[in-house]
Amino acid sequence: MSGPVVVGVDGSRSSLAVVEVAAQQAERLGVGLELMQVVGWPSGGARSGGASWDAAGTGALAEAERRALSAAPGVRISREVLVGEPGNLLAAESHRASLTVVGSNGTRGHSALRDNSLAGCLTARASGPLLVVRGRPDPAGPVLLAVHGTSTLREAAEFAFAEASLRAADLVALHLRHAVATRPYGGSGTAGPEDDEDFALAETLSELRERYPDVTLRCRRPQGRSRRVLVEAGGDSQLLVVGVRGRSRFGGGLLGPVGRTALREADCPVVLVPC
């Protein structure tokens with residue numbers, strides 16, 4: 001991924017905290033950081049959708065740039081003010097971005113995914129990986145990969161391995177279905193009957209372990225309800241990666257139960273990866 005990390009700026013304290021996370025992520029990836037502020041239509045102005053309007057928002061962007069540089073001194077920063085609707089414009093920018101970063105409203109429950117929230121809008125419209133900053137991540141914790149079906153595995157697993165490598169963190173692959181045992185793939189232990197999903201998981205993870213030999217991989221097949229297991233595991237993690245199955249008619253991913261649980265209840269940042 002060579003495109004910039006794109007983050008929305010609105011001048012609020014919570015927005016500045018999101019900018020810091022985005023700046024650190026851009027520095028890890030070795031790409032630029034694009035600070036993007038979207039403002040309403042100027043009185044009597046032409047509605048051209050993507051036209052820049054340099055007269056607005058410069059103060060908020062200047063403060064965001066200061067915060068970004070304090071969090072990641074080496075990051076390359078560009079700034080832009082656009083006129084229009086934030087969800088539409090950020091979704092358009094996601095086509096060329098390595099990562100799009102937004103904040104949540106900081107609460108748990110259904111309000112965290114309101115259709116009129118920026119995060120809620122972009123879960124349906126973003127074309128690339130979307131990082132939703134939320135919770136209280138454990139900086140010493142692992143990167144957590146939610147495994148929930150083969151169609152959401154490959155791209156999400158690759159993203160999770162890359163992140164674990166960049167962060168010098170362990171990677172935990174959490175297989176979200178009722179299981180009778182916990183065992184490492186490719187390691188020792190008593191295994192039950194393998195099905196197609198197990199084979200696909202083992203093959204994908206084995207290949208990625210060869211590509212990322214610096215990453216320590218642990219696989220968990222926990223018992224219990226997937227929702228509870230995911231929320232508990234996220235509380236000890238620094239990042240949760242979830243694959244988003246399929247494509248919607250708007251061009252984005254279709255958010256399933258695992259993705260909804262992650263964005264409503266996870267106590268760490270969540271990355272949605274279209275698969």
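**α3 against α4.** I began with the pair formed by helix α3 (residues 86-93) and helix α4 (residues 118-125), which in this predicted model pack at an angle of about 40° with their axes 9 Å apart. That angle makes α3 oblique to α4, and I noted that α3 passes α4 in a right-handed crossing. Listing the residues that make the contact, I found Pro86, Gly87, Asn88, Leu90 and Ala91 on the α3 side, and Leu118, Cys121, Leu122 and Arg125 on the α4 side. Sorted by class, the residues of this contact divide into six nonpolar, two polar and one charged.

**Glu93.** While in helix α3 I looked up Glu93, which has its place in that helix. Is Glu93 buried or exposed? Its relative accessibility is 13%, and because buried means under 20%, Glu93 counts as buried. I then asked which residues Glu93 is in contact with, leaving aside its neighbours within four places in sequence; the entries are Val6, Glu34 and Met36.

**α1 against α2.** I turned next to helix α1 (residues 13-29) and helix α2 (residues 58-71), whose axes come within 8 Å and cross at roughly 50°. That makes α1 oblique to α2, and α1 passes α2 in a right-handed crossing. From α1 the residues Leu16, Ala17, Val19, Glu20, Ala23, Gln24 and Glu27 take part, and they meet Glu63, Ala64, Arg67, Ala68, Ser70 and Ala71 of α2. By class I recorded seven nonpolar, two polar and four charged residues in the contact of α1 with α2. As a reminder to myself when reading such lists, an α-helix has 3.6 residues a turn, so residues three or four places apart point the same way.

How many residues of β9 are buried? I found six of the six, so β9 is largely enclosed by the rest of the structure. In a regular strand the side chains alternate between the two faces of the sheet. I therefore read β9 face by face: Leu239, Val241 and Gly243 lie on one side, Leu240, Val242 and Val244 lie on the other, and all are buried, so that both faces are covered.

**α7.** I followed this with helix α7 (residues 226-234), in which Val229, Leu230, Val231, Ala233 and Gly234 are buried. What covers these buried residues of α7? The cover includes the strands β6 (143-147), β7 (171-175), β8 (217-220) and β9 (239-244), and the helix α8 (257-265).

**Ala168.** My last entry concerns a backbone angle. Most residues other than glycine have a negative phi. Ala168 is not a glycine, yet I read a positive phi of about 55° for it. Where does Ala168 lie? I located Ala168 in the loop between α5 (154-167) and β7.

How values were computed
Residues are numbered from 1 along each chain as its sequence is written. This is a predicted model: local features need pLDDT of at least 70, side-chain atom pairs count only at pLDDT 80 or more; totals for chains, interfaces and linings use all residues. Side-chain values use heavy atoms; hydrogens and water are left out. Buried means under 20% relative accessible area, exposed over 50%, partly exposed in between (1.4 Å probe, protein chains only). Helices (H or I, at least four residues) and strands (E, at least two) are DSSP runs, numbered from the N terminus. Contact means heavy atoms within 4.5 Å. Axes are lines fitted to C-alpha atoms, for helices over the stretch in contact, and angles run from 0 to 180 degrees between N-to-C directions. Angles under 35 degrees count as roughly parallel, over 145 as roughly antiparallel, 65 to 115 as roughly perpendicular and the rest as oblique. A crossing is left-handed if the near helix is turned anticlockwise from the far one by less than a right angle, and right-handed if clockwise. Ala, Val, Leu, Ile, Met, Phe, Trp, Tyr, Cys and Pro count as nonpolar, Asp, Glu, Lys and Arg as charged, and the others, Gly among them, as polar.
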